[in-house]
Amino acid sequence: MLQLPDNFQPEGIAIGKQPYAYFGSRADGDIFRVDLRTGRGRVLTEGPGTPSLGLKVDDRGRLFVSGGSGGNARVLDARSGRLLKSYTLQTVPSFINDVILTGGAAWYTDSTNPVLFKLPLGQHGKLPAAAVRVPLTGDIAYATGNNANGITATPDGRGLILVQSNTGKLFRTTYAGGTTEIDLGGESVPNGDGLLLRGSTLYVVQNRLNVIAKVDLNWRATRGTVVSRTSSPAFDVPSTVAAYGNRLYLPNARFTTTPTPETEYTAVAVKRP
């Protein structure tokens, strides 16, 4: 178990090739970095006062950050914490929830509005001047509550996978925003939050249910089978997941606990199912 600062209120986690885990605070946007070898950590950079939710690290040592209710996205130097670029994605009420790097771009979900935001990366990974708005069409229908949340790539690398938290549905999504519900054979993943793809295996964190669902997908991610659900006594509403070696790491967001300055927060490591 990894100890995080009191009242940190973690939501996102990212782990790159190096043995460091990055956690984002939904309270003020601080980024906390932990050495997985020693368990010791420090605040890498202080936040802007708005949330830091979904995180991803790229091969160039950059940390892509989802800005939640701030309606923004940030890109940081993962070594120094220096802000490389900030993007205003929405000026209306929004919840920029998660991010994935695939298809030559960073893709951000908005749980309030049916749209993705794309940061197309140029030659040598150059950051764009502005984000591209990609409306979601097709099968997904936004409703009351948390909609498109976690995002990852499809096994064939030609599209995206979204989870809709309030319906428990998974969707295969084209880069143009067209969504098709993934056939789970009558199953669903309610309270689905963070996603992690390994080969054709998809891990879905079902936050308030305190489980990780393991889904075997076909190569195009049109069909899937929920083959197991894994829990741990140490789970306390885990929000998302990252992998290092044969372990999965999940921050305990503790959404059902009212935070105080003394509230403790941790991240849990479990063997990959």
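In what follows, Ala, Val, Leu, Ile, Met, Phe, Trp, Tyr, Cys and Pro count as nonpolar, Asp, Glu, Lys and Arg as charged, and the others, Gly among them, as polar. The model is predicted, so local features need pLDDT of at least 70 and side-chain atom pairs count only at pLDDT 80 or more, while totals for chains, interfaces and linings use all residues. Residues are numbered from 1 along each chain as its sequence is written, and side-chain values use heavy atoms, with hydrogens and water left out.

Pockets and cavities are both found on a 1 Å grid over the protein atoms alone. A cavity is a set of points where a 1.4 Å probe fits but cannot get out; a pocket is an open set with protein on both sides within 12 Å along at least five of seven lines; lining residues have an atom within 4 Å of a point. Grid points are joined across faces, edges and corners, and a volume is the space filled by probe spheres set on the points. Strands (E, at least two residues) are DSSP runs, numbered from the N terminus.

The largest pocket holds about 470 Å³ of space. Its lining has 20 residues, and Ile15, Lys56, Ile100, Leu196 and Arg198 lie nearest the centre. Strands E2 (10–15), E6 (55–57), E10 (96–102), E15 (148–153), E19 (192–198) and E23 (242–244) are the elements that give two or more residues to this lining. E19 gives the most, with four residues. By class, the lining of the largest pocket divides into 13 nonpolar, three polar and four charged residues.

There is also one cavity of 30 Å³ or more, and the largest cavity has a volume of about 30 Å³. Glu11, Gly54, Asn97, Asp98, Asn149, Asp193, Gly194 and Thr240 line this cavity. E10 and E19 each supply at least two residues of the cavity lining. What classes of residue make up the lining of the largest cavity? It has no nonpolar residues, five polar and three charged.

The strands come next. Strands of a sheet pair through backbone hydrogen bonds, either parallel or antiparallel. Here two strands pair if DSSP finds at least two bridges between them. An open sheet of four strands has the order E6-E7-E8-E9, and its pairing is antiparallel. E6 and strand E9 (83–88) stand at the edges with a single partner strand each, so one side of each is left without a neighbour in the sheet. The twist averages 15° from one strand to the next, with axes taken as lines fitted to C-alpha atoms and angles running from 0 to 180 degrees between N-to-C directions. Five bridges join strand E8 (residues 72–77) to E9, and the bridge partner of Asn72 in E9 is Thr88.

Another open sheet has five strands in the order E14-E18-E17-E16-E15, with mixed pairing. Strand E14 (137–138) and E15 are at the edges, each with a single partner strand, so one side of each has no neighbour in the sheet. Within this sheet's order, strand E16 (residues 160–164) and strand E17 (residues 169–173) pair in the antiparallel sense over five bridges. Leu162 stands opposite Phe171 in E17.

Strand E4 (residues 31–35) pairs with E5 in the antiparallel sense over four bridges. The two form a hairpin with five residues between them, and Gly39 in the turn has a positive phi of about 80°. Val34 has Gly41 as its bridge partner in E5. At the other end of E5 (residues 41–45) is Thr45. Is Thr45 buried or exposed? Thr45 is buried, with a relative accessible area of 16%, where buried means under 20% relative accessible area, exposed over 50% and partly exposed in between (1.4 Å probe, protein chains only). Leaving out residues up to four places away in sequence, Thr45 touches Asp30, Ile31, Leu76 and Gly81, a contact being heavy atoms within 4.5 Å.

Strand E25 (residues 265–271) has five of its seven residues buried, so it is largely enclosed by the rest of the structure. Tyr265 is found in this strand and counts as buried at 0% relative accessibility. Tyr265 and Val34 are 231 residues apart in sequence and 13 Å apart in space, C-alpha to C-alpha. Strand E1 (residues 2–4) runs antiparallel to E25 and is joined to it by three bridges, with Thr266 in E25 as the bridge partner of Gln3. Strand E24 (residues 247–251) is also antiparallel to E25, over five bridges, and Leu250 has Val268 in E25 as its bridge partner.
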